[in-house]
Amino acid sequence: MDLKFNNVETDKYYNFFLPALKNQGYEGCFCPKSRSKTLPEEERKHVDGCAIFFNRNKFGLHKEKFIDYSQLAIANAEGADDMINRVQTKDNIGIVCCLDIKEPSHGTRHNKLVILNTHINWDPEYSDVKLIQNIMFMNEVETFVKEIKGSYSIPMVVAGDFNSTPDSAVIEFLLKSQISTEHREFHGLKYHGFLKKANGESLGNKNGCKHFKHGFKLKSCYSDDLLDKLRYTNYTYDFKGILDHIFHSKDSLRTVGVLGGIDVDWLKENKIIGCPNVHYPSDHFPLISELELINPNSR
C-alpha cells in the first residue's frame, strides 16, 4: 500500500510537497485549517493543514470530504454553550478520501479504500474538545461511507496528530468504538444538547443510550509492546510522549510492519532535550506502517 500523510503548511503543500511527489507518481488532497478562510492571502499561505498523498498508479480518487470542526460545532450546538465557547473557537480540521483500488490484491474482493487524516486540538486542558472533535469526525466518516455506498467493513486507514496519548479518551473511543457520555475527560461540561442529538440521531443509537458510538472496528498499527518501544512521536522541551497514531480496520487490513521509534541513545549522545533543533526540523517523529488487504476472517 502506497500512501503518505502529512500535516503541512499551505504554501509548502502547493509549492514543494505536491510538485515533488507528483514527480514521484503521487497525487494529493489537502485541507487547510479553517482560520485560513478569514486571513489575507499572504498570511493564508502559512496556515497548516492535513494532506493525503496516494500513488496514482495504484489508486484513483473516488471522493473526498473536508471536515471543519468549527463549523460542525455550530451545526451541532443544540443550545450547548460549551460547543460554541470551547469547540467552535478551535480551527482544527480533518480530511476523508475514498480511493478506487486500480488493481485489487489477488484473493481479496476489496476495490475501495477509505483514508482519514486529522489534526486534533493540542491543549491538554481541553480534553473535552478533543473528544467532541473526534466524535464529530467519526460521525462525518459514517455519513461519508454511506454516501459512497460502503459498509462498516470497508478497508480504512485512520492517521493523524490526535494530540492524545494512548490512554486517553480519544484513543479509547476509536479502539473500543464507544465512550461513556459521563467520561471524566468531558469535565462534566454542558454538552447536553449535542449529547442528546448524537445519541438519538447523529450516531443512530437508541434514546437513553449512555455511550457515543461509531460502527467501525479499528486496530492500532502499533501493538502495546511496540508502543512501549516507540516511546515518542512528539519530543518537545516540555512534553515527550506518543500523540500521533495510525489505525486500520480490523477485518479488511493487516499490519505487515512498522517503523520503530527514535534511537534514545542517539538523543542522549547528541544532548537533544527537545525538538525542533539543528539536528531535527520538527517536534514530531514520523510513523510508518506497511499494510495489506485481507478478506474478513483471514487474519
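How many residues does helix 5 have, and how far does helix 5 reach from its first C-alpha to its last?

A: This is a predicted model, in which local features need pLDDT of at least 70, side-chain atom pairs count only at pLDDT 80 or more, and totals for chains, interfaces and linings use all residues. Residues are numbered from 1 along each chain as its sequence is written, and side-chain values use heavy atoms, with hydrogens and water left out.

Helix 5 covers residues 127-147 and has 21 residues. Helices here are DSSP runs of H or I, at least four residues long, numbered from the N terminus. From first C-alpha to last, helix 5 reaches 30 Å. That is close to the 30 Å expected at 1.5 Å a residue. The expected span is 1.5 Å times one less than the number of residues.

Helix 5 is mostly covered, with 18 of its 21 residues buried. Buried means under 20% relative accessible area, exposed means over 50%, and partly exposed is in between (1.4 Å probe, protein chains only).

Cys 98 counts as buried at 0% relative accessibility. Cys 275 is buried too, with a relative accessible area of 3%. A search of the whole structure finds zero disulfides. A disulfide here is a pair of cysteine sulfur atoms within 2.5 Å. For Cys 98, the closest cysteine sulfur is in Cys 97, 8.8 Å away, so it is too far for a bond.

Methods: Helix = DSSP H or I, 4+ residues; strand = E, 2+ residues; numbered from the N terminus.
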